[in-house]
Structures are given as C-alpha cells and as structure tokens.
Amino acid sequence: MHYIITLLSFIAFCLPTLGQNEAKTVLDKSAAKIKALPAVEIQFTLTMENKAENINEEHEGKAWMKGNLYKLNVMDVENYYDGTNIYTYMPEVQEVNIKNPSDEEEDMLNPTKIFDIHNTGFKQQLISTTNGIAYIELYPIDLKKNFVKIGIRVKTADSSIQEVTSFGKDGNNLIITINSIKQPSPIPADSFFKFDTAKHADVEVVDMR
C-alpha cells in the first residue's frame, strides 16, 4: 500500500544525454503545474498485472494531498497521514492500525520531499513523443530496488500526467491511470487527513507506535 502512495505522490509532485535533459524538462513542467495548487485531488484506476501469471486486476481509487498530508482510498482500505502518524483503516473488519512512519517511509511518502525525486534517485530518458504524448522512463540508480523502471506518459499540450507504470523485477507491474487531477473545493481542513478514533467507537484501534 505504501508503494501505491509513493507512486501517487510521484504523480502529484513530479509529476546525461539529450533524452535525459528533455525528460527533465517535461517532468519539471508537470511539477510546476501541480505545485501551484494549495491541495490536490486525484481520481485514478490502479491496475495490478502479471502477464506470465495471467493476472489483471483493476481497482478504482481516490487520493487527496495537501502539503505533506494525504488521504488515500483504494482496495477497500482508507489510509491517512496527518504529518505525524499513518492511519490504516479497514472498514470490512472495523480495525485501524496507527503507526509512526520510519525515516525511509517519511522520505518516500512526504510529498514535499517528492518534488525532485526524478532528479535525485533516477536516470531519466525521453523514449518517444507520439500523438501528443511523451513517454519517459526512469531507471533507479539503486539497483536493489524491487522494480526495474518506472514509465510515465505525459500529455505535452498541458503537461498533465496520464499514466505511471512500475515494472517489477518479479513480473508484477503496477499501473496508475489518472482519470482526473484537480484542486478540491473547498480545500480540506487538516483534520480531514486524520482518522478520528473518537468518532468511531466501534472500531478496534491497533496502536503500533
């Protein structure tokens, strides 16, 4: 689940060859467009595929981000981050897990630290520009990552990210197709990004802090 959040953060806030310079230009334009918004609301489709295993699962999801706060609803799970704690709420079993993110999780999940992710941990390459869509691939410098590369499709007319795909080393790929990115109205209060246990007395709280 954290990996999905990382990809969404990448979309919302990225979102040594000629191709690399061109790729950086495209991604920087996407980043500037989103950074100008006080908050972001994303509707997306998450596809989990493994061609060798004939797996293709689709899930609709929605995410909100404001500064370093986020809320993510996908696969019947609600995730909240209030700047200090991560709340994972599972309505089906009426349980919420609360934990402090590790330093590594904070670096990956905090959108304010994602602004320059494409400049710090990846080699970038513009692969093609066809029918107004730029396709860029990012290759992790750290070869211990559990994915081979990340592919990004960007609509060049308005610098909007259309799709992000993580190609797993084990053949499991995650594809996030963006249905819409917009500024929510009204802007959510900070309390929107925290699971209020006082209002859910029937939910079992598992405190892992």
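Figure 1. With a relative accessibility of 7%, Tyr-80 counts as buried. The model shown here and in the following views is a predicted one. A search of the whole structure finds six aromatic pairs. One of them is stacked: Tyr-70 and Tyr-81 lie 5.6 Å apart, centre to centre, with 25° between the planes. This pair links distant parts of the chain, since Tyr-70 belongs to strand S3 (residues 69-74) and Tyr-81 to strand S4 (residues 77-81), 11 residues apart. Both Tyr-70 and Tyr-81 are buried. Tyr-80 itself forms an edge-to-face pair with Phe-195, at 5.8 Å centre to centre and 65° between the planes. Here too distant parts of the chain are linked: Tyr-80 is in strand S4, while Phe-195 is in the loop between strand S11 (173-182) and strand S12 (204-207), 115 residues apart. Phe-195 counts as buried because its relative accessibility is 3%, and the limit for a buried residue is under 20%.

**Figure 2. The ring cluster around Trp-64.** Trp-64, Phe-192 and Phe-193 are linked into a cluster by ring pairs. Over the face of Trp-64 lies Lys-71, at 5.4 Å from the ring centre.

Figure 3. Phe-167 is found in strand S10. The charged end of Lys-149 sits over the ring of Phe-167, 5.0 Å from its centre. Is Phe-167 buried or partly exposed? Phe-167 is partly exposed, because its relative accessible area is 24%. Between Phe-167 and Val-148 there are 5.6 Å in space, C-alpha to C-alpha, although the two are 19 residues apart in sequence. When neighbours within four places in sequence are left aside, the contacts of Phe-167 include Tyr-135, Phe-147, Val-148, Lys-149 and Gly-151. Asn-172 and Asn-173 are also among the residues in contact with Phe-167.

Figure 4. In soluble globular proteins, nonpolar side chains tend to be buried together. The largest nonpolar core of this model has 14 residues, and those with the most contacts inside it are Ile-136, Leu-138, Ile-150 and Ile-152. At least two residues of this core come from each of helix H2 (18-35), S7, strand S8 (133-140), strand S9 (147-155) and strand S10 (160-168). Which of these elements gives the most to this core? S9 does, with four residues. Apart from neighbours within four places in sequence, Ile-136 is in contact with several residues, among them Ala-23, Val-26 and Leu-27. Other contacts of Ile-136 include Gln-125, Leu-126, Ile-127, Ile-150, Gly-151 and Ile-152.

**Figure 5. Leu-126 in strand S7.** Strand S7 (residues 122-130) contains Leu-126. Leu-126 counts as buried because its relative accessibility is 16%. Leu-126 and Ile-152 are separated by 26 residues in sequence and by 9.5 Å in space, C-alpha to C-alpha. Leu-126 is also one of the residues in contact with Ile-136.

**Figure 6. Pairing between neighbouring strands.** Strand S2 (residues 55-66) and S3 run antiparallel and are joined by six bridges. Opposite Lys-62 stands Asn-73 in S3. Strand S5 (residues 86-90) also pairs in the antiparallel sense, with strand S6 (residues 95-99), over five bridges. Ile-86 has Lys-99 as its bridge partner in S6. Four residues lie between the strands in the hairpin of S5 and S6, where Gln-94 takes a positive phi near 55°. S6 pairs with S12 in the parallel sense, over four bridges. In this pairing, Ile-98 has Asp-207 in S12 as its bridge partner.

How values were computed
Residues numbered from 1 in each chain as written. Predicted model: local features only at pLDDT ≥ 70, side-chain atom pairs only at ≥ 80, totals over all residues. Heavy atoms only, no water. Buried < 20%, exposed > 50% of the residue type's maximum accessible area, 1.4 Å probe, protein only. Phe/Tyr/Trp six-rings, centres within 6.5 Å; stacked < 30°, edge-to-face > 60°. Lys NZ or Arg CZ within 6 Å of the ring centre and 35° of its normal. Core = buried A, V, L, I, M, F, W, Y, C linked by side-chain atoms within 4.5 Å. Contact = heavy atoms within 4.5 Å. Pairing = 2+ DSSP bridges.
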